[in-house]
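Thanks for coming. I will go through one protein model this morning, and I will define the terms as they come up. Please look at the screen.

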Amino acid sequence: MRVDRNIELLELAREQHQVLTREQLRTLGVRYWHIRDQVRSRRWRLVGKRCVVLHRGGLGAAARRWIAVLELGQGAALCAETAMEDAGVKGFAVADTHVVVRRGSRIRCFPWLVVHESRRFDPQRDVHPTARPRRVRIERAVIDAAAWSRTSRRACAIVCAAVQQRVTLASRLLEELDDAGRVRFHRLLRVTLVDVDGGSHALSELDLAEACREANLPVPRRQAVRVDSKGQRRYLDAEVRLPDGTLLVLEADGAGHLDTMTWWNDQMRQNDVVIDGSAVLRFPTVALRLDRPRVVQQLRAIGERHGVKPAPPSARPVRRNRRHGAESA
């Protein structure tokens, strides 16, 4: 049989990056002895129990994804960062191929394959209906990748990137997070997604006020109104009057501030504030929760530069030892 004349085989091989199953080859008229002869002649290679690669070169990322879903069968799908990359999310590519299967499935692994067993994985509900190779829906992929992240910073970055790159909506990710239940970083992911969706301004302002107290700064005035150079009213997240008379403007920037036009307006508004003689500090809302010590350090530094006296040791907040109920400075 001349493989190069089998149009259907050539089209399927092109779509699946030269990876086919034995069943697919049989359906296309390729018998087992033809596969055997091609392998012996070192034209093709066998991978696992089901897959045949129609060349002897290296396996690229796309070929590995096809091998993963074809070898593991209908009960498996690309997931997490692998599915995100396949859906168009940039910036979180990983070397390994991630797939999800039902808990208790019997699987065959490869060195480059990471298999996640999930009790709540339902192929009928979670798998994208048309994506090839088979992968979970983008919402499930994003929440899984965030919950399986090693750090909270990466988890927040994943959900923010998915929304900012317009691959999905924050509201859909919130629904998926609720369906996932008590996964890792659940509370932080929920706060971040609400922030991305534009609904947590009050929460970020409260975080700013608390950070100011820790830095021994005066109580900030929230939602201060300024009139810019064009006569338009602008609302600032917080203002703090420092002892030497300097007005410190504090801004908590959510993910929406990364939009091009919003970022542009933010810069022009900040320039107006600086021209008027005020100092400006900007903090990502995620940093107020994940990098709090550094935020407080910067607030304390600018306060001391403008006349704020360092807090005496007795004024430092008391922390309780949760295990023993003791108090420590």
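Leaving out residues up to four places away in sequence, Ile67 touches Val19, Val47, Cys51, Val53, Leu59, Leu72, Phe110 and Trp112.

Before going on, some housekeeping. This is a predicted model, in which local features need pLDDT of at least 70 and side-chain atom pairs count only at pLDDT 80 or more, while totals for chains, interfaces and linings use all residues. Residues are numbered from 1 along each chain as its sequence is written, and side-chain values use heavy atoms, with hydrogens and water left out.

The term pLDDT is the predictor's confidence in each residue, on a scale from 0 to 100. The mean pLDDT of the protein is 84, and 84% of its residues reach 70 or more. Over residues 314-329 the pLDDT is below 50, and this stretch has 11 contacts in the model beyond near neighbours in sequence. Where pLDDT is low, the predicted coordinates should not be read in detail.

Now the overall make-up. The protein has 14 helices and 12 strands. Both are DSSP runs numbered from the N terminus: helices are H or I with at least four residues, and strands are E with at least two. Among contacts between residues at least 6 apart in sequence, 53% join residues at least 24 apart.

Next, burial. A residue is buried under 20% relative accessible area, exposed over 50%, and partly exposed in between, using a 1.4 Å probe and protein chains only. Of the 329 residues of the protein, 44% count as buried.

Back to Ile67, then. Which residues have the most contacts inside the largest nonpolar core? They are Val19, Ile67, Met84, Leu113, Val136 and Val142, in a core of 53 residues. A nonpolar core here is a set of buried Ala, Val, Leu, Ile, Met, Phe, Trp, Tyr and Cys residues joined through side-chain atoms within 4.5 Å. There is a second, separate core of 21 residues, which includes Leu248, Phe283, Ala287 and Val295. As background, nonpolar side chains in soluble globular proteins tend to be buried together.

On to a sheet. Three strands form an open sheet in the order S1-S3-S2, with antiparallel pairing. Its edge strands are S1 (19-21) and S2 (45-47), each of which pairs on one side only. Neighbouring strands of this sheet are turned by 35 degrees against each other on average, direction ignored. Helix H4, residues 61-72, packs on the sheet and touches S1, S2 and S3; its direction makes about 10 degrees with that of S1. For such angles, axes are lines fitted to C-alpha atoms, for helices over the stretch in contact, and the angles run from 0 to 180 degrees between N-to-C directions.

Strands count as paired if DSSP finds at least two bridges between them. S2 and S3 (residues 51-53) pair in the antiparallel sense over three bridges. One of the bridge pairs is Leu46 with Val52 in S3.

Now two cysteines. Cys51 counts as buried because its relative accessible area is 1%, and Cys79 counts as buried because its value is 0%. How many disulfides are there? The count is zero, taking a disulfide as a pair of cysteine sulfur atoms within 2.5 Å.

Helix H5, residues 80-87, contains Thr82. With 2% relative accessibility, Thr82 is buried. Residues up to four places away in sequence aside, Thr82 touches Arg65, Val94, Asp96, Thr97 and His98. Ala80 is also found in helix H5. Its phi is near 50 degrees, a positive value in a residue other than glycine, and Ala80 is buried at 0% relative accessible area.

His17 has a positive phi too, near 55 degrees. His17 sits in the loop between helix H1 (7-15) and S1. Is His17 buried or partly exposed? It is partly exposed, because its relative accessible area is 41%.

One last item is a peptide bond. Arg132 and Pro133 are joined by a cis peptide bond, with omega about 0 degrees. Pro133 lies in the loop between helix H6 (123-126) and helix H7 (138-147).

Technical notes
Contact = heavy atoms within 4.5 Å.
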